[in-house]
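This report covers the domains of a protein chain, the contact between them, the ligand surroundings and the salt bridges. The sequence and structure come first.

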Amino acid sequence: MSHAVIGASSASKALAHSNIALAKYWGKRDLARNLPDVPSLSMTLAALCTVTSVRFDPEASADHFVLNGSAQLPSASAKVYALLDRVRQRAGIEQRAVVESSNDFPTASGLASSASGFAALALAATAAAGLQLTSAELSELARSASVSAGRSIHGGFVALEAGAESAEVLEVGPLAKELVMVVAVTDPGPKAVGSTSAMQLTQQSSPYYSSFREHAPAAYREVRAALLASDLERLGAAMEHSTLLMHACMLAAQPPLLYWSGATVSALRCVQELRRAGTIAFFTIDAGPHVKVLTRASDSPRVSAALQSVPGVQRLIVSGVGGPARQLEAP
Ligand code: DP6
């Protein structure tokens with residue numbers, strides 16, 4: 001292994017986009033290695049991003065993590081420190097780091113802040129340590145912290161197979177360029193359970209987890225095939241099925257995991273109404289109360305206007321397909 005030489009200016013800054021799974025990952029095949037139990041497929045979102053800077057500091061006695069301007073306690077930073085440890089080990093360095101990260105969207109609310117966050121951290125930390133990793137190696141490093149982050153290293157549409165170490169960019173049809181996600185940020189319900197512990201609870205206690213695990217690969221294959229065939233109706237139906245398979249198995253966890261608020265259900269009904277009236281739009285929901293609606297860019301004004309009038313929808317973010325994680329000019 002070649003050891004990196006760390007000088008006084010061992011700092012780097014990176015940006016990564018969030019991603020939303022069209023075919024959901026939920027559950028781990030290997031907890032210690034953080035390997036997913038089912039395949040997943042995501043769209044990288046241009047409009048949601050995290051910017052993270054990392055500085056290895058010879059004077060620092062401990063790692064420091066600052067998120068959206070607030071210093072985080074060590075107990076809330078374990079995954080950040082663990083990723084830094086992997087980078088230090090790989091680069092053969094000892095210095096502690098100062099990590100500053102900010103999201104341009106609500107953190108830890110089911111808008112995939114851990115996906116963009118750990119992808120940006122993986123890129124900034126390796127660059128600051130003087131390492132040059134391939135995108136597959138970066139995806140593996142980000143995935144080891146948070147599975148969905150392995151997908152945010154890449155742009156476009158991204159697949160991560162069950163048990164896989166890293167994600168890969170997918171070949172897609174011409175429809176992919178026209179797609180947008182309209183994110184309806186809703187009133188939060190009760191405080192959300194973080195996805196890592198929620199999926200462990202589901203695996204341990206939901207009688208439907210084995211059924212989710214059995215059916216998730218077919219939903220994934222259907223999403224993937226529809227994307228390649230540029231068939232939005234087929235893609236949307238498979239995405240909604242994957243979403244509801246996941247939420248059905250979460251609901252049956254003990255205690256139950258119900259991420260939906262009243263506004264979530266109202267937004268979901270609004271999408272069904274839009275479809276009945278001839279607008280091609282489909283919903284997905286993650287580990288939070290927000291509803292994300294997949295549609296063509298040409299239909300997004302109509303979708304946005306309808307969602308805007310749903311009680312409890314606080315704001316809308318319309319996003320096209322985003323690019324890969326990238327380095328920014330160092331601070
Ligand atoms: C519902 O990737 O946040 O968004 O690997 O434990 O960090 P960890 O979980 P995480 O889970 C994401 C779950 C999801 C579906 C998805 O993005 O595939």
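How many residue pairs are in polar contact between domain 1 and domain 2? The count is 13 residue pairs, with both residues at pLDDT 80 or more. The model is a predicted one.

## Domain division

The protein chain falls into domain 1, residues 2-172, and domain 2, residues 175-319. Their C-alpha centres are 24 Å apart. Domain 1 gives 33 residues to the contact, and domain 2 gives 44 residues.

## The interface between the domains

The size of an interface is often expressed as the accessible area lost when the parts come together. Here domain 1 and domain 2 bury about 3,200 Å² between them, and 70% of that lies on carbon and sulfur atoms. On the domain 1 side, Leu22, Lys24 and Trp26 supply 28% of the area buried against domain 2, more than any other three residues.

Charged pairs also occur across this boundary: three salt bridges are counted between domain 1 and domain 2. Polar contacts between the two domains number 13 residue pairs. Strands β1 (11-23), β2 (28-30), β4 (40-57) and β8 (157-160) each supply at least two residues of the side of domain 1 that touches domain 2. The largest share, seven residues, comes from β4. By class, this side of domain 1 has 22 nonpolar, four polar and seven charged residues.

## Ligand surroundings

There are 17 residues around the ligand, of which Lys28, Ser146, Ser148, Arg151 and Thr196 come nearest. For lysine 28, an N or O atom of the side chain is 2.6 Å from an oxygen atom of the ligand.

The side chain of tyrosine 25 has an N or O atom 2.8 Å from a ligand oxygen. With valine 147 the backbone is involved: one of its polar backbone atoms lies 2.8 Å from an oxygen atom of the ligand.

## Salt bridges

The count comes to 17 salt bridges. In one of them, the side chains of arginine 33 and glutamate 165 meet at 2.6 Å, N to O. Arginine 33 sits in the loop between β2 and β3 (35-36) and glutamate 165 in the loop between β8 and β9 (168-169), so this pair ties together parts that are 132 residues apart in sequence.

Another salt bridge joins the side chains of arginine 224 and glutamate 161, with an N to O distance of 3.4 Å.

Notes
Residues are numbered from 1 along each chain as its sequence is written. Side-chain values use heavy atoms; hydrogens and water are left out. Domain bounds come from an automatic or database domain assignment. Contact means heavy atoms within 4.5 Å. Buried area is the accessible area (1.4 Å probe) that two parts lose on being put together, summed over both. A salt bridge is a side-chain nitrogen of Lys or Arg within 4 Å of a carboxyl oxygen of Asp or Glu. A polar contact is a pair of N or O atoms within 3.5 Å; within protein, one must be able to donate a hydrogen and the other to accept it, and residues adjacent in sequence count only if both atoms are side-chain atoms. Helices (H or I, at least four residues) and strands (E, at least two) are DSSP runs, numbered from the N terminus. Ala, Val, Leu, Ile, Met, Phe, Trp, Tyr, Cys and Pro count as nonpolar, Asp, Glu, Lys and Arg as charged, and the others, Gly among them, as polar. A residue is near a molecule or strand if one of its heavy atoms lies within 4 Å of it.
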